[in-house]
Amino acid sequence: SAADALMADAQDHRGRRPRAEAPGIPVRVRLSPAEIARLERAASMNRQSRSEFIREAIVNTASECLED
């Protein structure tokens, strides 16, 4: 239904995965203050949380590296 689609979209924008998916495994990464500032600006410009932006960047970069 339209309400379900809106709820799913709202969940996506908060960086949460649907309940059917297994919870993610946290990964720690050290970034400099300048890198954090750049990350926050880029995520904001894309209307994403830091986690969403990082996750998308990792998936896209890994996919590019693993193409045959």
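In the predicted model, Glu 40 is partly exposed, with a relative accessible area of 38%. The side chain of Glu 40 meets that of Arg 50 in a salt bridge, with a distance of 2.8 Å from N to O. Arg 50 is likewise partly exposed, because its relative accessibility of 41% lies between the limits of 20% and 50%. The two residues are ten apart and link distant parts of the chain, Glu 40 belonging to helix α2 and Arg 50 to helix α3. The structure holds one salt bridge.

The largest pocket has a volume of about 480 Å³. Its lining consists of 16 residues, and the closest to the pocket centre are Ile 25, Pro 26, Val 27, Ile 54 and Ile 58. Two elements, α2 and α3 (50-66), each give two or more residues to this lining. The largest share comes from α3, which supplies six residues. Sorted by class, the lining of the largest pocket contains ten nonpolar, four charged and two polar residues.

Val 27, listed above among the residues closest to the pocket centre, is also part of a nonpolar patch on the surface. Val 29 is placed in the loop between α1 (2-13) and α2 (33-45). Its relative accessibility is 60%; residues over 50% are classed as exposed, and Val 29 therefore counts as exposed.

Notes: Residues numbered from 1 in each chain as written. Predicted model: local features only at pLDDT ≥ 70, side-chain atom pairs only at ≥ 80, totals over all residues. Heavy atoms only, no water. Patch = residues over 30% accessible without salt bridge, like charges linked within 9 Å, V, L, I, M, F, W, Y side chains within 5 Å. Areas by Shrake-Rupley, 256 points an atom, 1.4 Å probe, with all protein chains shown as cover. Salt bridge = Lys/Arg side-chain N within 4 Å of Asp/Glu carboxyl O. Helix = DSSP H or I, 4+ residues; strand = E, 2+ residues; numbered from the N terminus. Buried < 20%, exposed > 50% of the residue type's maximum accessible area, 1.4 Å probe, protein only. 1 Å grid on protein atoms, 1.4 Å probe; cavity = no way out; pocket = protein on both sides within 12 Å on 5 of 7 lines; lining within 4 Å. Points joined across faces, edges and corners; volume = space filled by probe spheres on them. Nonpolar A, V, L, I, M, F, W, Y, C, P; charged D, E, K, R; others polar.
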